[in-house]
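Biologist: Please take me through how this chain is put together, one pairing or packing at a time.

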Amino acid sequence: MKSRFWLVGKTDDNTYETMKEMDFLSYCWQHLSILPLRCRRFECASDWRLLPRQLDHSYFTCWESGYARLRLGLESYELKGGELVVFPRGIEHEIIPVNHCPCTMTKLHFQALINGAADLPGLLGVGGVYTEIEGTSGKNFQEFAAIDTAGEPGGNEYLRAVIQVFLWRLARLRTDVQAPPDWKRMLPALEYIATRY
């Protein structure tokens, strides 16, 4: 079931009043801007490890091979190969190979912002590990990395569309998406940022 919230707007006397009811996800899609940042493939040696970090953007990782433990926020996962990992902006994460196992992965870094500020993967709560998202095979991600590296005309637009499709598929898996409790209060600020910058 989709969550609903009240979109507010400013009146002449500088107070906020209810204008109309709008579907939270519809609002997100209408005000979403996606910027692909980079896509690279990594073949990691047995002594590799991803130290704890937080990034100022989101990214997908197609985990192609190798055994590892992933900590994403407060959750822990085992990676064996064939998984899609979604890392929302600002969530601390680390990856530790099991028994010094070499690993292969492709990472697609991007910004997916609502009104230029709110991170969509974080708002949707889709951070985690997935095994059955169509189009997320290692072969596909290797193609995305080749497109990004080549810098061909239209490549960025293609990657932007790919990211949007993956986010849409992830959102469809979540039937419990809720507008954040302070969303109504954030809207005027987000819309102001979008018009100013």
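Biologist: Which residue in E10 is the bridge partner of Cys 62?

Modeller: This is a predicted model, in which local features need pLDDT of at least 70 and side-chain atom pairs count only at pLDDT 80 or more, while totals for chains, interfaces and linings use all residues. Residues are numbered from 1 along each chain as its sequence is written, and side-chain values use heavy atoms, with hydrogens and water left out. Strand E5 (residues 58-65) runs antiparallel to E10 and is joined to E10 by seven bridges, where strands (E, at least two residues) and helices (H or I, at least four) are DSSP runs numbered from the N terminus and two strands pair if DSSP finds at least two bridges between them. In E10, the residue bridged to Cys 62 is Thr 106.

Biologist: Which residue takes a positive phi in the hairpin of E10 and E11?

Modeller: E10 is joined to strand E11 (residues 118-119), antiparallel, by two bridges, and Ile 114 stands opposite Ala 118 in E11. The hairpin has three residues between the strands, and the residue with a positive phi, near 55°, is Asn 115.

Biologist: How many of the 12 residues of strand E10 are buried?

Modeller: Buried means under 20% relative accessible area, with exposed over 50% and partly exposed in between (1.4 Å probe, protein chains only), and 44% of the 197 residues of the chain count as buried. Strand E10 (residues 103-114) is largely enclosed by the rest of the structure, because its buried residues number 11.

Biologist: Which strands stand at the edges of the open sheet of four strands?

Modeller: The order in this antiparallel sheet is E4-E9-E6-E7, and strand E6 (residues 68-72) pairs with E7 over five bridges, with Leu 70 opposite Tyr 77 in E7. Each edge strand has a single partner, so one side of each is left without a neighbour in the sheet; these strands are E4 (50-53) and E7 (75-79).

Biologist: At what angle do helices H3 and H4 pack?

Modeller: Residues of H3 (residues 138-150), among them Phe 141, Phe 144 and Ile 147, meet residues of H4 (residues 155-173), including Tyr 158, Val 162 and Phe 166, contact meaning heavy atoms within 4.5 Å. The axes, which are lines fitted to C-alpha atoms over the stretch in contact, with angles from 0 to 180 degrees between N-to-C directions, lie 9 Å apart. The helices pack at an angle of about 150°.
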